[in-house]
Amino acid sequence: MVSSLKPNTQLSHCLPTSPRPSFSTPNSAQTQLCTLPPGSHSAAFSSLSMSSSPETSQKTHVLSASKNESGESDSGYDGLTYKGAGVDIDAGAELVRRIKKMAPGIGGFGGLFPFDDKYLVAGTDGVGTKLKLAFDTGIHDTIGIDLVAMSVNDIVTSGAKPLFFLDYYATSRLDVDLAEKVVKGIVDGCQQSDCVLLGGETAEMPGFYADGEYDLSGFAVGVVEKDAVIDGKNIVAGDVLVGLASSGVHSNGFSLVRRVLAHRGLSLKDQLPGEDITLGEALMVPTVIYVKQVLDIISKGGVKGIAHITGGGFTDNIPRVFPKGLGAVIYNGSWEVPAVFKWIQEAGRIEEAEMMRTFNMGVGMVLVVSREAAHRILEDANGANKAYRIGEVVRGEGVSYS
């Protein structure tokens, strides 16, 4: 017998929603976590950690980038910044703080809803201003993969298997051929995730968008057994951080990327230095969908927490899975940084701390695992499924780099 869910006004406030519209601010709190036991209004969860601290059990160096209102470094460094490009992560954190007053318990990557002996896990997101590059390059058949990836990668951090996906496609004038290309990418993404494209909405709104442009949102729902939820509660100092390789920039940080392009007067048709592809091709590589890889790793045991590295980078996303009083040390140089990030940093004269708080830097998912599990995961990693030992859990809070 299948149980039914009745409309729930509590759920409407607590299901994960992005605190930004598309074409706006990607941030480290893309989704909200709110588990609602039947009959209750809220449950206690670890709060979202948005800060970093030098107080760890090891001697480490904490990278920071202090910026003034114009986005320039207070130190006088004239490199580009995410805030200077129009994206204020701290403002996003403030919004999260205010939302917590209305919906206590937010801070996870997906929202959990009790359903018999399981949790339904839901997530929603867009692809940000990567859409602008799709318009400029004419590459529309993979942007749907990005859309699916951003939501399913969020919900798999709880150990949930994606069940179905819904999309929202909005434009001023419907170009059927163009929309078909976008939806094909969504279907491809669903196939990679082993989930179903269950439905969606196509909105034609004359005069609302520029000619030839469109906006996208996606919504994913998955399921996990209640006793199998990955929630970070068992993480202890000494656990290992394993990073899963990304394909490139994925779907965050493109406001800064676009500012770099404009600042240097570059075209998306220019070649990526040292590589045999154009900047446009490198930047439009679709986001890796980690669902199958992560669920396989989880099934073998030892996984305690998972962080999807999106807006906010390592610095803001990794602490979201830790119990209070724990932080992380990241080993600099312990993974392969793709050439596209080296180009972005050099072309924009961007500080290291700014890069680590904006981009995934070549690691799209971080698993917090036992030492035994880390050894197995690294031994099994091969081919396209590269994995790196990138750090460890320490006493203290925040993320530091050594």
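**Close-ups of a predicted model**

His250 sits in the loop between β6 and α6; helices (H or I, at least four residues) and strands (E, at least two) are DSSP runs, numbered from the N terminus. This is a predicted model, where local features need pLDDT of at least 70 and side-chain atom pairs count only at pLDDT 80 or more, while totals for chains, interfaces and linings use all residues. Residues are numbered from 1 along each chain as its sequence is written, and side-chain values use heavy atoms, with hydrogens and water left out.

View 1. His250 is not a glycine, yet its phi is positive, about 60°. For context, most residues other than glycine have a negative phi. With 3% relative accessibility, His250 counts as buried (under 20% relative accessible area; exposed is over 50% and partly exposed in between, with a 1.4 Å probe and protein chains only). Arg349, also a residue other than glycine, has a positive phi near 50°. Arg349 lies in the loop between α10 and α11, and at 44% relative accessibility it counts as partly exposed.

View 2. The whole structure has two cavities of 30 Å³ or more. A cavity here is a set of points on a 1 Å grid over the protein atoms alone where a 1.4 Å probe fits but cannot get out, and lining residues have an atom within 4 Å of a point.

View 3. Strand β6 (residues 240-245) runs antiparallel to β9, joined by six bridges; two strands pair if DSSP finds at least two bridges between them. Leu241 has Val368 in β9 as its bridge partner. Strand β7 (residues 303-308) is antiparallel to β9 too, with five bridges, and Val303 stands opposite Val369.

**View 4. Strand β11, covered on both faces.** Gly398 and Ser400 on one side of β11 (residues 398-401), and Val399 and Tyr401 on the other, are all buried. Strand β8 (residues 326-330) runs parallel to β11, with four bridges between them. Here Ala328 stands opposite Val399.

**View 5. Helix α6 and what follows.** Among the buried residues of α6 (residues 254-264) are Phe254, Leu256, Val260 and Leu261. The buried residues of α6 pack against α3 (130-137), α7 (279-283), α10 (339-348) and α11 (352-358), a contact being heavy atoms within 4.5 Å. Next comes Gly265, with a positive phi near 65°. Glu275 and Val340 are 65 residues apart in sequence but 9.2 Å apart in space, C-alpha to C-alpha.

Note on methods:
On a 1 Å grid over the protein atoms alone, a cavity is a set of points where a 1.4 Å probe fits but cannot get out, and a pocket is an open set with protein on both sides within 12 Å along at least five of seven lines; lining residues have an atom within 4 Å of a point. Grid points are joined across faces, edges and corners, and a volume is the space filled by probe spheres set on the points.
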